[in-house]
Amino acid sequence: MPVEIIWGILIPFLGTSLGAAMVFLLRGQMSVQLQKVLIGFAAGVMVAASFWSLLDPALEGSAGMGQLAFVPAAVGFLVGSGFLLALDMAIPHMHLDMQSEGPQTGLKRTTKLVLAVTLHNIPEGLAVGIVYAGWLVGDASVSLMGALALALGIAIQNFPEGAIVSMPLLAEGMSKPKTFLMGVLSGAVEPVAALVAIALAGALVSVMPYLLAFAAGAMMYVVVEELIPEMSEGTHSNAATIAFSLGFVLMMILDVTLG
């Protein structure tokens, strides 16, 4: 496997791990306002990545279908959203609102928290793997630098997610090393999902536009179902919306300049 791909699939995982390492630098529980800003920023990055890095190449890759060029993007997007909906219903987890109170039933609160971020990381890992798989099989709509831009963008938005999953665990009494480990493990699914997509690259070349749109649909499901509601909940503030815009613009810049 080319070294560019190895580094590419590890970059997002590194972002999560660095975010989880904030438990060694910060004290106490993350404020609600800061949490909303971080979630808003992550949402902006994911929305931009869904279009610039995934849907746009999917449409470009199916341009030969003429007026029906939208079909792979539309079908893939809906299937990706449905896939995340099924996972969301099947896997017991908490939402990212770490300030919510009330009794937790079934799995332990900490386990549900880690599962929540792990669930979010599945489509991100698939997205990176699918884009690198497209480059590996010579898909003209995907470039190596474009794949790197997606990996960097996801790594940037994974940093706050790593902190969001780790800081509340620390506040609940878990030791710093164990809290850091839990944060790291929540991101470990990303390179695994990416490797699965890359391993199937040869068999997937004919349906690459569908797969790119699938990853976009899965990521957008996370944004609409989880991130936007959490960044908007509670006392009104414009900070999260501003952070969303900054995240979107940053990812757009990365994709346009590197892609």
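Author: Helices (H or I, at least four residues) and strands (E, at least two) are DSSP runs, numbered from the N terminus. By that rule, Lys36 lies in helix α2. The model is a predicted one: local features need pLDDT of at least 70, side-chain atom pairs count only at pLDDT 80 or more, and totals for chains, interfaces and linings use all residues. Residues are numbered from 1 along each chain as its sequence is written, and side-chain values use heavy atoms, leaving out hydrogens and water.

Reader: How many helices and strands does the protein chain have?

Author: There are ten helices and zero strands. From the N terminus on, the elements run α-α-α-α-α-α-α-α-α-α.

Reader: Why is Lys36 called buried?

Author: Its relative accessible area is 9%. Buried means under 20%, exposed over 50%, and partly exposed in between (1.4 Å probe, protein chains only). Lys36 is therefore buried.

Reader: What share of the protein chain is buried?

Author: Buried residues make up 53% of the 259 residues. The accessible surface of the chain comes to about 11100 Å² (Shrake-Rupley method, 1.4 Å probe). Carbon and sulfur atoms account for 72% of that surface.

Reader: Which residues does Lys36 touch, not counting residues up to four places away in sequence?

Author: Contact means heavy atoms within 4.5 Å. Under that cut-off, Lys36 touches Glu230, Met231, Glu233, Gly234, Thr235 and Ala240. In the protein chain, among contacts between residues at least 6 apart in sequence, 84% join residues at least 24 apart.

Reader: Why are α2 and α9 described as they are in direction relative to each other?

Author: Two packed helices are described by the angle between their axes and the distance between the axes. Axes are lines fitted to C-alpha atoms, for helices over the stretch in contact, and angles run from 0 to 180 degrees between N-to-C directions. Helix α2 (residues 32-61) and helix α9 (residues 208-232) pack at about 160°, with their axes 8 Å apart. Angles under 35 degrees count as roughly parallel, over 145 as roughly antiparallel, 65 to 115 as roughly perpendicular and the rest as oblique. The helices α2 and α9 are therefore roughly antiparallel to each other. By class, their contact has 21 nonpolar, three polar and two charged residues. Nonpolar here covers Ala, Val, Leu, Ile, Met, Phe, Trp, Tyr, Cys and Pro; charged covers Asp, Glu, Lys and Arg; the others, Gly among them, are polar.

Reader: Is the crossing of α2 and α10 left-handed or right-handed?

Author: A crossing is left-handed if the near helix is turned anticlockwise from the far one by less than a right angle, and right-handed if clockwise. The crossing of α2 and α10 is right-handed, whereas α2 passes α9 in a left-handed crossing. Helix α10 (residues 239-258) packs on α2 at an angle of about 35°, with the axes 6 Å apart. The contact of α2 with α10 divides into 18 nonpolar, five polar and two charged residues.

Reader: How do you know the relative direction of α6 and α7?

Author: The axes of helix α6 (residues 176-187) and helix α7 (residues 189-199) come within 4 Å and cross at roughly 15°. That angle makes α6 roughly parallel to α7. In α6, Leu185, Ser186 and Gly187 meet Val189, Glu190 and Pro191 of α7. By class, these are three nonpolar, two polar and one charged.

Reader: Lys178 and Ile228: what makes each of them partly exposed?

Author: Lys178, in helix α6, counts as partly exposed at 48% relative accessibility. Ile228, in helix α9, is partly exposed with a relative accessible area of 34%.

Reader: Is Ala133 buried or exposed?

Author: Ala133, in helix α4 (residues 109-136), counts as buried at 1% relative accessibility. Leaving aside neighbours within four places in sequence, Ala133 is in contact with Ala197, Ile198, Ala201 and Met208.
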